[in-house]
Amino acid sequence: MKESTKKIIRAHGWRLDRALHYYIYFAYYNLYVRVLVAAFDGLAWVLARLEPGGRAYRGLDWMQDKAAGFVFARYHGKVLSRGDVTKIIRLEESIELGPDTTRRIVPFKYARDIVLREPEHLAVMECPCKALMDEPCQPSASCIAVGRPVVDFWLEHCQKNKVRRITKEEALDIIHRLRKTGHYNQAFFKVATGGRMGVICNCCSKCCGGGMGPRFTRDFYKKHREAIEQALGGRGDLTKAVGLLAPSGYTVRHDPLKCVLCGQCRDICNFGAIEIREGERLYDQVSCVGCELCVEHCRNGALCLVHEDRGGFMPLDLDLAREKLG
């Protein structure tokens with residue numbers, strides 16, 4: 001048994017089932033993601049054939065509760081702004097914060113700890129989601145492990161994904177280049193990884209398995225909104241229950257005096273949160289996850305990222321996390 005495997009077993013203690021899940025998740029990353037994406041495709045196939053207002057719609061509330069309780073409460077990502085992801089990559093000392101009992105920074109049911117051990121250790125490997133695509137976004141090496149024991153496990157078990165060690169400067173360069181082409185960042189939390197973070201992905205709506213489900217449900221919701229809301233009877237929100245991503249905690253502020261309606265913010269958004277219609281910029285704050293891409297790509301500086309503490313989500317800013325969870 002490899003040393004990194006022993007460390008994972010020790011880290012999970014008596015929960016050998018979670019240690020096994022961890023092993024399968026990373027050692028067979030491509031297969032794991034393939035099954036996940038196939039599940040979303042299957043959901044899309046079924047929902048596309050439902051009759052709006054029919055009996056199947058009345059079961060949506062039950063379906064979303066089951067899905068949220070079994071899958072989405074155990075596997076999820078927290079969207080990061082550019083500043084927040086930079087702080088994580090530049091971290092020099094181990095950090096252990098949480099659990100976030102308020103669920104405002106890490107709003108998940110089970111995985112609620114911010115734990116990074118020896119974060120100076122970094123590795124990158126080819127994205128298993130992109131491996132499923134005929135023409136994926138490039139570069140394909142876009143999944144970044146932060147700290148031990150994740151880096152050690154990747155190096156010993158994930159060579160098929162061309163894993164390699166990288167420096168902080170290399171990690172930031174990868175993030176910078178991918179953000180320029182419309183990739184947002186998210187830190188993944190997972191029960192199988194001990195309820196902690198340790199992987200930062202550079203994702204897009206085209207290639208990312210974690211982004212396909214939310215994107216599909218939002219599109220489906222917009223198309224059949226009236227029938228879905230009538231079926232749910234106010235008991236739930238399909239777009240919030242069926243999703244793997246927690247918003248960053250930021251919103252986007254728009255200065256109409258600087259805006260020239262060029263459409264760059266709309267084109268770079270992975271979540272359809274921005275439209276330009278009849279000479280007006282429309283912003284859907286519910287769809288926006290606060291990734292900051294539109295801010296970075298606005299040529300005229302008409303957008304800025306803001307956090308307004310009104311009792312909702314809070315950013316995964318390490319300084320803020322230390323203050324709230326330390």
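Please begin by selecting Tyr184, which is buried at 0% relative accessibility (buried means under 20% relative accessible area, exposed over 50% and partly exposed in between, with a 1.4 Å probe and protein chains only). The model is a predicted one, in which local features need pLDDT of at least 70 and side-chain atom pairs count only at pLDDT 80 or more, while totals for chains, interfaces and linings use all residues. Residues are numbered from 1 along each chain as its sequence is written, and side-chain values use heavy atoms, with hydrogens and water left out.

The ring centres of Tyr184 and Phe271 are 5.0 Å apart and the planes stand at 55°, so the pair is tilted (rings of Phe, Tyr and Trp, the last by its six-membered ring, pair if their centres lie within 6.5 Å; planes under 30 degrees apart count as stacked, over 60 as edge-to-face and the rest as tilted). Tyr184 belongs to strand β6 (residues 184-190) and Phe271 to the loop between α12 (264-268) and β10 (274-277), so the pair ties together parts 87 residues apart in sequence. Helices (H or I, at least four residues) and strands (E, at least two) are DSSP runs, numbered from the N terminus.

Now select Asn202 in strand β7 (residues 196-203). Asn202 is buried, with a relative accessible area of 3%. Its contacts include Tyr184, Ile144 and Leu178, not counting residues up to four places away in sequence (contact means heavy atoms within 4.5 Å). The side chain of Asn202 also makes a polar contact of 2.7 Å with the side chain of Asn185. Such a contact is a pair of N or O atoms within 3.5 Å; within protein, one must be able to donate a hydrogen and the other to accept it, and residues adjacent in sequence count only if both atoms are side-chain atoms.

For the charged pairs, turn to Glu118 and Arg148, whose side chains meet in a salt bridge (3.2 Å, N to O). Glu118 in strand β3 (residues 114-126) and Arg148 in strand β4 (residues 141-148) are 30 residues apart. A salt bridge is a side-chain nitrogen of Lys or Arg within 4 Å of a carboxyl oxygen of Asp or Glu. Glu118 is partly exposed at 31% relative accessibility, and Arg148 is partly exposed at 28%.

Finally, select Arg177 and Asp173, which form a salt bridge of 3.0 Å, N to O. Being four residues apart in helix α8 (residues 168-180), Arg177 and Asp173 are separated by about one helical turn.
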